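Student: I would like to learn how to read the features of a model like this one. Please give the general idea of each feature, then the case at hand.

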Amino acid sequence: MKKHIFVFGVFALLGMFFSCSANDTNETPIVEPPVAEDTFIRAADISFLPEIESSGTILYNNTKAEDMLTTLKTAGCNAVRIRLWKNPSNGHSGMTEVKALAARVKKAGMKVWLTVHYSDTWADPAVQTIPAEWKNLSFTDLKTAVATYTSTIITEINPDIIQIGNEINSGLLWPQGHLINQEVQCLALLSAASATIRTKAPNTKIMIHYAGVKASDTNWFFNKIKSVDYDYIGLSYYPIWHGKDLEVVKTTINTLGKTYNKKVIIAETAYPFTLGYNDWTNNIVGLDSQLVSGYPATPDGQKSFVLAIKTVVKESEYGLGFAYWGGEWISFKGNQAANGSTFENQAFYDFNNKALPVLQVFNK
């Protein structure tokens, strides 16, 4: 009898030992730190890429041929901006091409940022030409057409970010949607597009895009469109057109963000790595006088300028990101093309199609 009690006592003690050990382990689990969500937008507009690829042009990264989307993703780019035209004459930047490129972007693990021009061709502060298909519509029918087209875009592409127009400083779909001459109609068109997006894709972020950073002009514009339902303020900033003072950029981001309670993104910017050229098409930037002091037209100067833009945006509580425009627009039509690129000296690739240091700025 005493033997049985002894054996039972030994097993009881062992049980208590292992029980305490297990409890100690459970009480001090190893907890992995949470991975911070990558919310700061580091984007590149590469709308010419399908056309460049169709020409047979090969792009290189570290001496090896590489798909540009792979190069961007590896560098740290997390969003790709793509323009969409209604019925372009040659098909480029039309629905079929853009839908295919957007699918590739999503497959590569990056967000799709769609710039809807609501035009058959370029739309910017100087021109907002209504699509030929819509030019004879009444305003009521035009508003319906905008809503229907926007609905189709959401269904076909479903972007993460969508711009209602491109650089719409004086509105869009002229003359009916001119902000100065037809303010009520302009706001109605923007609201029709916005309402459609909210209904069809409530998680898609809506951007309104203005070209420039001058305080008085930007405040005038965003005050005009304050009744429109949207999420992000987008600004274009090119030193050649919008001034060379980065402090102005910083102040404008802070002022707009605070005044309108919006996140602000530099939706377009670029800078040259050389003042030379690689075709017979005149470049937009080609003079020393067009440069920002402290940022020479060299590969390192280009990188430093874009890094400065990134820093200005990131240091603002309202800054959400930036996008580089024209990084893909090399001289793919040949070095004697008179209808080539006006931007090859501001691209991500040198004149041998090799990736430049500027891509390092996309790191997280």
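Predicted model: local features only at pLDDT ≥ 70, side-chain atom pairs only at ≥ 80, totals over all residues.

Student: Which residues touch the most other members of the largest nonpolar core?

Tutor: A nonpolar core is a set of buried Ala, Val, Leu, Ile, Met, Phe, Trp, Tyr and Cys residues joined through side-chain atoms within 4.5 Å. Buried means under 20% relative accessible area, exposed over 50%, and partly exposed in between (1.4 Å probe, protein chains only). The largest core here has 96 residues, and Tyr118, Phe222 and Phe348 touch the most other members. Helix α5 (residues 139-156) gives the most to this core, with seven residues; helices (H or I, at least four residues) and strands (E, at least two) are DSSP runs, numbered from the N terminus. Another core, of eleven residues, lies apart from it, and Ala43, Ala79, Ile161 and Ala267 are among its members.

Student: Is Tyr118 buried or exposed?

Tutor: Tyr118 is buried, at 2% relative accessible area. Its phi is near 50°, a positive value in a residue other than glycine, and its place is the loop between β5 (111-116) and α5. Ser93 also has a positive phi, of about 70°, although it is not a glycine. Ser93 sits in the loop between β4 and α4 and counts as buried at 2% relative accessibility.

Student: How are the buried residues of α3 arranged around the helix axis?

Tutor: One looks down the axis and takes the arc of the directions from the helix axis to the C-beta atoms. In α3 (residues 68-75), Met68, Leu69, Thr71, Leu72 and Ala75 are buried. They fall within an arc of 160°, so they line one face of the helix. These buried residues pack against β1 (41-45), α2 (49-54), β2 (60-61), β4 (79-84) and α4 (95-107).

Student: What caps the N-terminal end of α3?

Tutor: The cap is Asp67, with a side-chain oxygen 2.9 Å from the backbone nitrogen of Leu69. After α3 comes Gly76, with a positive phi near 120°.

Student: How is empty space read?

Tutor: Rolling a probe the size of a water molecule over the atoms shows where empty space is left. On a 1 Å grid over the protein atoms alone, a cavity is a set of points where a 1.4 Å probe fits but cannot get out, and a pocket is an open set with protein on both sides within 12 Å along at least five of seven lines; lining residues have an atom within 4 Å of a point. Grid points are joined across faces, edges and corners, and a volume is the space filled by probe spheres set on the points. The largest pocket holds about 350 Å³. It is lined by 21 residues, of which Asp124, Glu167, Tyr238, Trp241 and Glu268 are the closest to its centre.

Student: Which peptide bond is cis?

Tutor: The bond from Trp174 to Pro175 is cis, with omega near 5°. Pro175 is in the loop between β6 (161-164) and α6 (183-200).

How values were computed:
Residues numbered from 1 in each chain as written. Heavy atoms only, no water. Contact = heavy atoms within 4.5 Å. Polar contact = N/O pair within 3.5 Å; in protein donor to acceptor, adjacent residues only side chain to side chain.
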